[in-house]
Amino acid sequence: METWDFNSAFSFKNNRLFCDDVPVDEIRTELASKVMPFSPFFVYSQSEILRNITSYRTAFANHSPSGVRFELSYSMKANFNPHLLKIFAQQQCFVTLVSGMELKLAEQTGFSTENMILNGNGKQRWELELAIEKGVILNIDSEFGLRLIIQICRQLNRSARVLIRINPRINVSVHTYVDTSSQRSKFGVTDEYMDALLDGIKNEPLLQLLGVHCHLGSTIKQTQSFRESVTAMLKSIKLLKDHGFNDVKILNIGGGLGISYVKHEHRTKKAHFDQPETDAHSEPYPTPSELIASIGDLLEGQGLTVIVEPGRSLVATSAALICSVLGVKSSGKFNFVVVDGAMTEVIRPCLYQAYHHIELTEPSQHSPEERREFDVVGPVCESGDFLGKDRFLATPHEGCGLAVFDVGAYCASMASNYNLRARPAEVLVQGNEWKLIRKPDQFEDITRPFNFD
């Protein structure tokens, strides 16, 4: 029997998975008596989220240049469960939004509208009306977006605080779907359009230009990318001042810091068997401290408020999807573990070809020391429905628990009802206690919006 730590929140004791001090299979058993369907479900560690918040706040405290103030803004699109949002609101975080619905939920869960930022390359009129009425900071992403903001400000006779989102065209070497700084990206304003945009803002007294924003993308591994971004943003700040905007004070560097999804792949991937966890197997993602330290000298003497907008690096490591094994089958040389979790809960492997580590939550009843190579797949009617491929695992028994790790970001928030599947239950662990923070969908929840007449 083996005991080891997956991360600060999840650990194995005698081959049984714990979230903080709670055995995960205990949650499975109790949940079965409370809700249906009880499996799969997401389990979150509150302590892990708080640790991640602290890592950023510590980085700010240790590496903030004189006269520079940092603010932490949670990117809600990573995960919008209201219980998680309340944690960030209680920790006095800002919140970064990408829709009007997110704005409504942020306000309902305790965030101050003064500390909200609305991003987006295609904001709808109703969303901008709501944001302007609430006094939310708006990112200007285009000339047509600026025209609409001006129209609404005049219509409502309300002023608006705005940032300009720039696109510095920096190569960040990430999956093309999460690269937001290439020339082909739909996001941000490039240099050739800045003068026209600034003239439009300058001629509208209802707009208060606070500064600039840039978000490079997601799963970024190099601090050099952030240095290049901040350098470009400071040039934009100078341009703003040259155009007479002398009160600009905000540098919003976005988010995008990645996490190491593959740090334990040596346990289940054949190429890494019997090799210790080293930098060769663990992607060298920078820590928040390394990120902030890497840009500190550039900010010295600037007198700016710097906003950082992480999502993934705040919540991804806090959660696992706990599935139940439906059965095992083979097709020639290929073996499959079929579980009740699917691409409808964790779409990242299918969408981004992303790796998520997978382990059984309990000892297998079939020769637990003998491992075979499996594809871990779900029941959705798609050949692309897989959670992991080529994983060496003990052959699980039917009903065995199986965990997919690092799913706190862009999993539950991207879940769907495809195949008329219920979006799953969600559970929050606090020390040695847990509570249900989302019930699984019921048939009536899914069908209620439809008109059957």
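Start with helix 9, where Pro 288, Leu 291, Ile 292, Ser 294, Ile 295, Gly 296, Leu 298 and Leu 299 are buried. Buried here means under 20% relative accessible area, exposed means over 50%, and partly exposed is in between, using a 1.4 Å probe and protein chains only. Keep in mind that this is a predicted model, so local features need pLDDT of at least 70 and side-chain atom pairs count only at pLDDT 80 or more, while totals for chains, interfaces and linings use all residues. Residues are numbered from 1 along each chain as its sequence is written, and side-chain values use heavy atoms, with hydrogens and water left out.

Helix 9 covers residues 288–299, and its 12 residues reach 16 Å from the first C-alpha to the last, close to the 16 Å expected at 1.5 Å a residue. That expected span is 1.5 Å times one less than the number of residues in the helix. As for the labels, helices (H or I, at least four residues) and strands (E, at least two) are DSSP runs numbered from the N terminus. An α-helix has 3.6 residues a turn, so residues three or four places apart point the same way. What do the buried residues of helix 9 pack against? Their partners are helix 2 (46–63), strand 6 (69–75), helix 8 (223–242), strand 12 (250–252) and strand 13 (305–308). Just after helix 9, Gly 301 takes a positive phi of about 80 degrees.

Now hop over to helix 5 (residues 125–134), whose buried residues are Glu 127, Leu 128, Leu 130, Ala 131 and Ile 132. These pack against helix 4 (100–108), strand 8 (116–118), strand 9 (137–140), helix 6 (143–156) and strand 10 (160–165). Here, too, a glycine follows: just after helix 5, Gly 135 has a positive phi of about 80 degrees.

Next up is Arg 312, which sits in helix 10 (residues 312–315). Why does Arg 312 count as buried? Because its relative accessibility is 6%. Leaving aside residues up to four places away in sequence, Arg 312 touches Ala 78, Ser 218, Thr 219, Leu 257, Gly 258, Ile 259, Tyr 261, Arg 348, Ala 409 and Tyr 410, where contact means heavy atoms within 4.5 Å. Ala 78 is 234 residues away along the chain, yet its C-alpha is 6.2 Å from that of Arg 312. With Tyr 261, Arg 312 makes a side-chain to side-chain polar contact at 2.8 Å. A polar contact is a pair of N or O atoms within 3.5 Å; within protein, one must be able to donate a hydrogen and the other to accept it, and residues adjacent in sequence count only if both atoms are side-chain atoms.

On to the charged pairs. A salt bridge is a side-chain nitrogen of Lys or Arg within 4 Å of a carboxyl oxygen of Asp or Glu, and by this rule the count comes to 15. Glu 362 forms one with Arg 28, with the closest N and O atoms 3.4 Å apart. Glu 362 lies in the loop between strand 16 (358–360) and strand 17 (371–377) and Arg 28 in helix 1 (residues 24–32), so the pair ties together parts that are 334 residues apart in sequence. Both Glu 362 and Arg 28 are buried.

Asp 25 bridges to Arg 16 at 4.0 Å between the closest N and O atoms. Asp 25 counts as buried at 14% relative accessibility, whereas Arg 16, at 42%, is partly exposed. Arg 16, Asp 25, Arg 28 and Glu 362 are linked in a network of salt bridges.
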